[in-house]
Amino acid sequence: MESWSMLGKGGEPRSVTAATVITTAPSTLDVTVGESIVLPCQVTHDPTLELKFTWFFNEQLIHFGSHGGYFEKVGGHSSGDIMIRNIQMRHAGKYTCAVQTKVDSSSIATDLIVRGPPGPPTSIHVEELTDTTATLSWKPGPDNHSPITAYTIQARTPFSLGWQAVTTVPEEVGGRRLTATVIELSPWVEYEFRALASNALGTGEPSKPSKQVRTKETLPKVTPANVSGGGGSRSELVITWEPVPEELQNGPGFGYVVAFRPYGATGWMQAAVPSPDASKYVFKNESIQPFSKFQVKVGVYNNKGEGPFGPVVTIYSAEEEPGRAPTRVRAQSISASEVEVMWKALPWSTSRRRVLGYELRYWEKKEKEDTASMLRTVGNRTTAIIQGLRGSSTYHVTVRAYNTAGTGPPSAAINVTTKKPPPSQPPVKVMWNTSNSKIILNWEQVKALENESEVTGYKVLYKQNQHSRPRVMETNTTSVELSLPPDEEYIIQIKPFGEGGEGSSSRQITIPRITGPNAIGSASSVSTLSALSTIALSLTARTSL
């Protein structure tokens with residue numbers, strides 16, 4: 001690039017510069033959604049002049065650093081190239097590069113075509129409706145420079161989890177078709193439909209939903225599931241089932257037809273249950289014998305008429321409560337909070353007075369029976385353990401059999417007294433020492449209070465860390481020797497026990513990893529004002545002579 005001088009007015013020299021020229025030719029560029037592209041803007045110019053590049057998109061100034069970070073300058077001093085990253089459909093249009101110096105300016109335009117999946121179809125409409133089909137029509141959206149090859153139809157109901165693909169006729173809807181019939185719909189259900197277009201570059205956004213429509217009603221076809229029964233009060237036949245979901249009722253006025261007969265009879269008795277949410281029907285008649293065998297079936301109907309019956313099942317009428325009380329009831333205290341109750345079982349049979357289990361009622365001697373707590377067993381068990389009782393307390397206990405009709409007569413009440421509570425004082429003055437591969441623990445004897453059970457032994461719980469399961473050693477003395485590797489840290493607790501159960505535990509003792517051959521330590525007592533355990537360790541290293 002050259003510059004030269006010429007004489008101006010008065011004979012003074014004046015500088016002349018070369019023109020600024022954009023060397024990039026105008027063009028049309030083609031790109032696919034998601035790709036990145038560089039738009040060139042190369043120039044020749046006088047090196048003595050400073051260049052300023054400005055870009056416009058559809059005649060609007062591009063502010064670099066905004067627009068979601070899609071636009072980026074990548075040119076050098078004499079180049080105004082820009083990159084568009086992750087191109088979207090909205091980036092299609094006219095891009096203009098303008099270059100300016102203090103003496104001249106120039107510009108060039110580039111047309112950018114963006115190809116991508118089709119835009120959403122429009123004007124989706126339900127043309128015809130039956131009980132199980134819907135004929136749809138729609139208009140195509142923009143193909144975004146790639147021909148539409150297929151359409152997909154989706155449907156949504158108040159009962160579906162969002163939009164679901166549906167079956168259509170034709171099964172595959174080609175890109176030139178603008179109608180399809182959706183089949184296998186549920187009668188008397190509200191539907192919305194939408195369409196999605198596809199081309200070689202993918203599937204586009206869905207259309208707006210169609211206006212909500214309801215398929216026509218028809219006879220019900222689905223019968224209740226899990227028909228069963230039994231139980232209830234004397235002279236009752238209880239029939240139960242799972243209600244048919246609303247989307248399978250096929251029309252308004254939905255209800256159930258309950259049919260039943262004694263086992264072996266020929267004719268059916270029937271009753272209508274007009275509520276679609278009903279799940280039980282009770283037939284009461286004094287002629288019904290306890291625990292009699294019946295055949296039952298449940299059908300459906302709506303305003304269009306009666307649908308089918310479900311399969312026949314066998315159930316039993318209500319049974320009678322057990323007629324006898326358990327005998328040989330006895331109890332013994334296990335601890336301060338537990339007693340074991342034992343009794344002789346009643347005959348276990350399938351007669352009209354079955355026994356499904358036993359019910360224990362218990363209350364303190366100083367209270368009334370109507371405050372009693374209850375514990376039930378299942379099956380033909382003849383023992384039960386009552387827990388959560390108070391120590392040194394007398395309880396009354398009765399036992400009675402039960403079945404689906406209720407409970408039978410109670411046994412005579414028996415008395416049982418819980419043992420004294422376990423010691424409330426924890427072991428104190430716990431000392432420990434290590435020698436080779438042994439940990440030796442010593443502590444002070446726990447003395448039970450007058451109202452507590454005597455100490456008969458101690459449990460030593462030890463583990464290697466907070467998260468491991470503790471191991472337990474029992475002893476009837478105030479010392480124990482543990483054969484444990486001394487190069488590990490141990491967490492130890494000691495608790496007394498007696499016939500009243502386990503007492504209070506000592507404070508947690510941490511025995512650190514010992515590197516020397518011998519060490520001793522103790523767990524000091526801690527003020528109740530302190531929230532943390534204080535471990536006072538006294539270590540003495542001994543060297544062999």
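How many of the seven residues of strand β41 are buried? Six of them are, so to speak of β41 (residues 457–463) is to speak of a mostly covered strand. The model is a predicted one, in which local features need pLDDT of at least 70 and side-chain atom pairs count only at pLDDT 80 or more, while totals for chains, interfaces and linings use all residues. Residues are numbered from 1 along each chain as its sequence is written, and side-chain values use heavy atoms, with hydrogens and water left out.

**View 1. Strand β41 and its two partners, β44 and β42.** Buried stands for under 20% relative accessible area, exposed for over 50%, and partly exposed for what lies in between (1.4 Å probe, protein chains only). Strands (E, at least two residues) and helices (H or I, at least four residues) are DSSP runs numbered from the N terminus. Two strands pair if DSSP finds at least two bridges between them. β41 runs antiparallel to β44 (residues 490–498), with seven bridges joining the two. Lys463 has Ile491 of β44 as its bridge partner. The pairing of β41 with β42 (residues 471–475) is also antiparallel and extends over five bridges. Here Lys459 stands opposite Glu474 of β42.

**View 2. An open sheet of five strands.** The strand order is β4-β12-β11-β7-β8, and the pairing is mixed. β4 (27–32) and β8 (60–61) are the edge strands; each has a single partner strand, so one side of each has no neighbour in the sheet. Within this sheet, β11 (residues 93–100) and β12 (residues 105–115) run antiparallel and are joined by eight bridges. Lys94 has Asp111 in β12 as its bridge partner.

**View 3. The disulfide between Cys41 and Cys97.** A disulfide is a covalent bond between the sulfur atoms of two cysteines. The criterion applied is a pair of cysteine sulfur atoms within 2.5 Å. One disulfide is found in a search of the whole structure. The sulfur atoms of Cys41 and Cys97 are 1.9 Å apart. Cys41 is in the loop between β5 (37–39) and β6 (43–44) and Cys97 is in strand β11, so the bond ties together parts that are 56 residues apart in sequence. The torsion about the S-S bond is about -80 degrees, so the disulfide is left-handed. Cys41 and Cys97 are both buried.

View 4. Glu72 is partly exposed, at a relative accessible area of 31%. Contact means heavy atoms within 4.5 Å. With neighbours within four places in sequence set aside, Glu72 is in contact with Phe64, Asp81, Ile82, Met83 and Arg85. Ile82 is 10 residues from Glu72 along the chain, and their C-alpha atoms are separated by 5.6 Å. The side chains of Glu72 and Arg85 make a polar contact of 2.7 Å. A polar contact is a pair of N or O atoms within 3.5 Å; within protein, one must be able to donate a hydrogen and the other to accept it, and residues adjacent in sequence count only if both atoms are side-chain atoms.

**View 5. Backbone details at Pro170, Asn250 and Ser392.** The peptide bond joining Val169 and Pro170 is cis, with omega about 0 degrees. Pro170 is in the loop between β17 (168–169) and β18 (173–174). Asn250 is not a glycine, yet has a positive phi of about 65 degrees. Asn250 is buried, with a relative accessible area of 6%. Ser392 also has a positive phi, near 55 degrees, and is partly exposed at 41% relative accessibility.
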